[in-house]
Amino acid sequence: MADTADMAGWACPAPLRDYQRIVLGHGGGGVLTGELIEHLFLPAFAAGSSTTRRDPTSAMADTALADTALADAAVLAVGGIRLAFTTDSYVVRPLFFPGGSIGELAVHGTVNDLACRGAVPLALSAGFILEEGLELDVLGRVAQAMGRAAAAAGVRLATGDTKVVERGLADGLYVNTSGIGLVPPGVDVRPDRAAPGDRIIVSGPIGEHGIAVLSVREGLEFGGDVHSDTAALHGLVAAMLAATVPGVHALRDPTRGGLATALCEVAAAAGAGIEFTESAVPVPPVVEAACGFLGLDPLHVACEGRLVAFVAAADADAVLAAMRAHPAGRDAVVIGSVTAEHPGVVVARTAFGGNRIVDRPLGEQLPRIC
Amino acid sequence: MCLGIPGRITEIWDDRGTRMALVDFGGVIRSVCLAYLPDATVGQYTIIHAGFALTRVDEDAARQTLAMFRELGLLDAELGAAEAEVGP
Amino acid sequence: MKYLTEFRDPELARWLLDAIAATASRRWTLMEVCGGQTHAIIRHGLDQLLADQVEFIHGPGCPVCVTPLEMIDRALAIAARPEVIFCSFGDMLRVPGSGTDLFSVKARGGDVRVVYSPLDAVHLAEAHPDRQVVFFAVGFETTAPANALAAVTARRRNLTNFSMLVSHVLVPPAMSAVATAPGNRVEAFLAAGHVCTVMGVEQYEPLVAEHRMPIVVTGFEPLDLLDGVRHAVEQLEAGRAELANAYQRAVQPEGNPAARKILAEVFTVCDRAWRGIGTIPNSGWRLADAWRDFDAEIRFDVGGLTVAESAACRSGAVLQGLIRPPDCAAFGTSCTPRRPLGATMVSAEGACAAYFQYRRLAPAGAAATPGSPGPAAGLQT
């Protein structure tokens, strides 16, 4: 029977060339996004700069520019104080999902980017791109959600902008928020400060936001409650810094690309390895179930109200206690540590005693059959 | 490969001649097509692929398989104990 | 989750591992046929834990990997047409044809949509009577019933704007090709459990008899895989070659009769080219003549489109189990999931991608670069 499969004559597929146009994956927060920043934005923005960058992420904070592009927020020294500065655009579909809307995301996401530099958020801008035909009621609900979220977080929505594009040129509405925050004296939180020996703490269950959004897109329902975890984290960060200022080395909020991407980026920035115990990562059963069903890895699913902290070992207990005493960190847990071994590589220990390397997703997450 | 996930049938209906069901995958619920399991009933577990129920999970077989694995463990423990007894 | 978590119990896994270690007098070479099994083996580190007893050779069990290039090019040509809504499973979007992929077609304005179920594509055809909805019907025997019912449903609902680009592949002929390939080292197969939920197990009897190799129908959870290995090793040690079912909770001997009936009606067996391997006789399904009005190849006249593949990688040898992914010089260097040279690196289920994603650390000293997946070593605790 089947005996004509030609061993010597196997044919090989053609290579996939670099994309000549933007594809969705460029916005996925994974490898394609990183390459866009490395190969397109940084060279263009840094024209004339003499900074050499061997590795896009290891050069983080070498210059203000690299810092801007690759850390959650840039820290700028201005007149004797240090300002954290960040921007983020929100294009989520659907606009409303279980547990929140694009409005809360637009406030929390930017506040959290500031918080991950240890900054106290001060003010946000809000830029709207609206599609002709958008119902005012929808815009009103989003704006009110932003107002409520900002008030709860204690930040001002201080300035804004509105543009309208023709019907069909946008998907309802997009929001951009930029934010500034004040970095308290002595606070120095950045990815490249993570160091061998640091304990790695995750502030709570992962993946709920991504699954809540995906559920609407994929027609899933949930028997139990699945809500986006969207939340502002600067209060939690303040509590951690109250426990120790120098011991909090690095913070990251694992949004697009999930916890795996956050860990990989810090490992690359710090030039250190990361080891964690897979079973220690808090994955809610319903996230596990939805990921199994759609063929996704929970480590790649976005959170919007969680952070991962890299804390000096001597301070880990105190920081963990401070996190657990705060509502946003009630379920905080140590998942692993930073190591001098295998720099730049993140390794998970499996429940069976093996290990595997954890990588960033390539682009966006798609449900698969196989 | 074929991603196949077990879930429990919670509801069955007819959509213009196509037998459909709601299936609960550990808290995640989705509608699936039951065309290939005409006898399936509410409460049964089934394996779903690409939105279709392909087979019933044989609960007795599952129990027996797990029991057999546990027996291996008992054997293992006995062997270990025996070794310990004759050991130094 | 019921029927998942129980089969991931580390303590029971330990006992199964002990049982395998106690049985094996030497290292045996097994092929797990299905890409999902490959992923589970590597993701859970089972190959490390069994390093002394078993060498796993990863099978051609990824329908996305083996879909022939010309079929991808046909898909790209159809998807680019303005009147078409092109529906595909998510894993197919990243697979390159001759220099481009469905993501790129979408970026250039093609209406490409990811569906979870083929019935979603039928619903799109109902919702858009002014558009042509085309579903890319790939997959093994597991996926074929779902795809067949899309055609049945479309006919029942008199949809004239629905068609399917069919590139189904069949597992037993591929296993036979592996077994008869010159230089084959595979001593036993772990057969793809979910394929068997549809087709049953009897079609493997002739393979066992002809090739004198154990075939163990195996599931996808860690305990299922270990039990499959245990069955295979016991047979090999005893010098037996039998058909065994280590996935009894899901696989009935006769498979799913209702599904097999519709498959026999909608599809006809045909020769099929496997990307990287070549044409295997009687290894595919196409739409049966009575269903050709749903054939997108005819409707869009792309059947004549043929292309040659450029030679660069060794995915064919990987798919046939002749080499392991890291044995290829391109692995992890010029060939990564970002820039795949071969089909096996393209799909998340492909053997090379599985190796790349879940690759191991090299022993201390050797840098942990993408090119050094290394065997079990490094940080194992």
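**Close-up views of a predicted model**

**View 1. Helix 2 of chain C and the residue after it.** C:G45, with a positive phi near 75°, follows helix 2 of chain C. Helices (H or I, at least four residues) and strands (E, at least two) are DSSP runs, numbered from the N terminus. This is a predicted model, in which local features need pLDDT of at least 70, side-chain atom pairs count only at pLDDT 80 or more, and totals for chains, interfaces and linings use all residues. Residues are numbered from 1 along each chain as its sequence is written, while chains are lettered from A and ligands numbered from 1 in the order in which they are written. Helix 2 of chain C spans residues 35-43 and is largely enclosed by the rest of the structure, because 8 of its 9 residues are buried. A residue is buried if 20 or more other C-beta atoms lie within 10 Å of its own, exposed if 12 or fewer, and partly exposed in between, with C-beta atoms placed from the backbone. The buried residues are C:G35, C:G36, C:Q37, C:T38, C:H39, C:A40, C:I41 and C:I42.

View 2. Chain A contains 9 helices and 15 strands, and 55% of its 370 residues are buried. The domain assignment, which is automatic or from a database, gives domain 1 (58-182) and domain 2 (191-358) of chain A. Their C-alpha centres are 22 Å apart. The contact between them takes 24 residues from domain 1 and 26 residues from domain 2; two residues are in contact if their C-beta atoms, placed from the backbone, lie within 7 Å. On the domain 1 side, helix 3 (102-115) and strand 5 (120-131) of chain A are the elements that give two or more residues. Helix 3 has the largest share of that side, 8 residues. The residues of the domain 1 side divide into 15 nonpolar, 7 polar and 2 charged. Here Ala, Val, Leu, Ile, Met, Phe, Trp, Tyr, Cys and Pro count as nonpolar, Asp, Glu, Lys and Arg as charged, and the others, Gly among them, as polar.

**View 3. Helices 6 and 9 of chain A.** The axes of helix 6 (residues 234-243) and helix 9 (residues 316-324) of chain A come within 8 Å and cross at roughly 145°. Axes are lines fitted to C-alpha atoms, for helices over the stretch in contact, and angles run from 0 to 180 degrees between N-to-C directions. From helix 6, A:L236, A:A239, A:M240, A:A242 and A:A243 meet A:A318, A:V319, A:A322 and A:M323 of helix 9. The residues of this contact divide into 9 nonpolar, no polar and no charged.

**View 4. A:G336 in strand 13 of chain A.** A:G336 belongs to strand 13 (residues 333-339) of chain A. A:G336 counts as buried because it has 22 C-beta neighbours inside 10 Å. Leaving aside residues up to four places away in sequence, A:G336 touches A:I200, A:I274, A:E275, A:F276 and A:T277.

**View 5. Chain A against chain B.** The contact takes 16 residues from chain A and 13 residues from chain B. Strand 9 (221-222) and helix 8 (285-294) of chain A are the elements that give two or more residues to the chain A side. The largest share of the chain A side, 6 residues, comes from helix 8. The residues of the chain A side divide into 9 nonpolar, 5 polar and 2 charged.
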